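Visitor: Could you walk me through this structure and tell me what stands behind each label you use?
Guide: Gladly, let us look at it together.

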Amino acid sequence: MSRVKTLQSLFKRCRRPGDIVFAWVALLVSLYLLSQIMDQTSWRNGGKLFAQPRFWPAVSLVGMVCFAALHLFGSALSERIHGRWQEVGLWLAALEFAGWFIAYAVAVPYAGYLPSTIICATLLCWRMDYRSRKVLGAAALAALIIVVLFKSFLQVKLPSGLVYEVLPDGLRQFMLIYF
C-alpha cells in the first residue's frame, strides 16, 4: 500500500456550506484581537526582541490575520455551496448548551452543588429527549456520583449554596462538607 500523495491531493479543499461565514468571522475576530495588542500587552525598553511580552502574541495574531485572510480569499474564489444559513443555524443551535452551562454555573452558588448538578443533569437528559424514568434516574445517580467524587474524594473546594443556610445545624454541616 502506497502512502505517496500528489501535491494536488495534499492541498485538496473540502468545503462545507458555512465556510465563507466561518472565514469572515475568523478574519474579523483576529483583526479585533490584533487591534487590542497595544492595550493588552507591554513593550519593555532595552529588552531583547524575542523576550518582549508583546512579541509572540503579536506574531501569533499577525499569523492569524494572514491565514484568516487567505482562508477568506480561498472561500470567496471557490464555488458556492448551498445550505450556508442552515449550517450557521446549526452552529447557533449549539450555543444553547453554552447557555445551559452558564445557567448551571449561576445556580450553584444559590442552590448548592448537589441540587444544581442533579437538576441540570436530569433537565439536559429531558432536553435531549431521553425521558424514561430509567434514564432520568441514571442521570440523577451519575450526578450524585460526580458530586460525591469531587467533594468527598477529590476534596475540590466548591461554593456552598445559599439554600444550605436554612438546613438544621447537623445536616447543614454534613451538606457543606460532603455535598
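Visitor: What does Phe179 touch, leaving out residues up to four places away in sequence?
Guide: Phe179 touches Tyr113, Leu114, Leu144, Val147, Val148, Lys151, Tyr164 and Phe174. Contact here means heavy atoms within 4.5 Å. Please keep in mind that this is a predicted model, where local features need pLDDT of at least 70, side-chain atom pairs count only at pLDDT 80 or more, and totals for chains, interfaces and linings use all residues. Residues are numbered from 1 along each chain as its sequence is written, and side-chain values use heavy atoms, with hydrogens and water left out.

Visitor: Why is Phe179 called buried?
Guide: Buried means under 20% relative accessible area, exposed means over 50%, and partly exposed is in between (1.4 Å probe, protein chains only). Phe179 has 15% relative accessibility, so it counts as buried. Phe179 sits in the segment after helix H8 (169-178). Helices are DSSP runs of H or I with at least four residues, while strands are E runs of at least two, numbered from the N terminus.

Visitor: And why does Glu79 count as exposed?
Guide: Its relative accessibility is 55%, so Glu79 falls in the exposed class. Glu79 lies in the loop between helix H4 (55-77) and H5. From C-alpha to C-alpha, Glu79 is 9.2 Å from Arg15, though 64 residues separate the two in sequence.

Visitor: What makes a group of residues a nonpolar core?
Guide: A nonpolar core is a set of buried Ala, Val, Leu, Ile, Met, Phe, Trp, Tyr and Cys residues joined through side-chain atoms within 4.5 Å. The largest one here has nine residues: Tyr104, Val108, Tyr113, Leu114, Cys120, Val147, Tyr164, Met175 and Phe179. H5 and helix H6 (113-127) each supply at least two residues of this core, and H6 gives the most, with three. A second, separate core has eight residues, including Ile20, Ala23, Leu27 and Val88.

Visitor: How do you know that the span of H5 is close to the expected one?
Guide: The expected span is 1.5 Å times one less than the number of residues. H5 has 28 residues, and its 41 Å from first to last C-alpha is close to the expected 40 Å. Val88, Tyr104 and Val108 of H5 are buried, and among the elements covering the buried residues of H5 are H2 and H6. Just after H5, Gly112 takes a positive phi of about 100°.

Visitor: Why is H2 called oblique to H5?
Guide: Axes are lines fitted to C-alpha atoms, for helices over the stretch in contact, and angles run from 0 to 180 degrees between N-to-C directions. Under 35 degrees is roughly parallel, over 145 roughly antiparallel, 65 to 115 roughly perpendicular, and the rest oblique. H2 (residues 19-35) and H5 (residues 84-111) pack at about 55°, with axes 8 Å apart. That makes H2 oblique to H5. Ile20, Val21 and Phe22 of H2 meet Arg84, Trp85, Val88 and Trp91 of H5.

Visitor: What makes H7 roughly perpendicular to H8?
Guide: The axes of helix H7 (residues 133-153) and H8 come within 8 Å and cross at roughly 90°. H7 is therefore roughly perpendicular to H8. Val147, Lys151 and Ser152 of H7 make the contact with Leu176, Ile177 and Tyr178 of H8.
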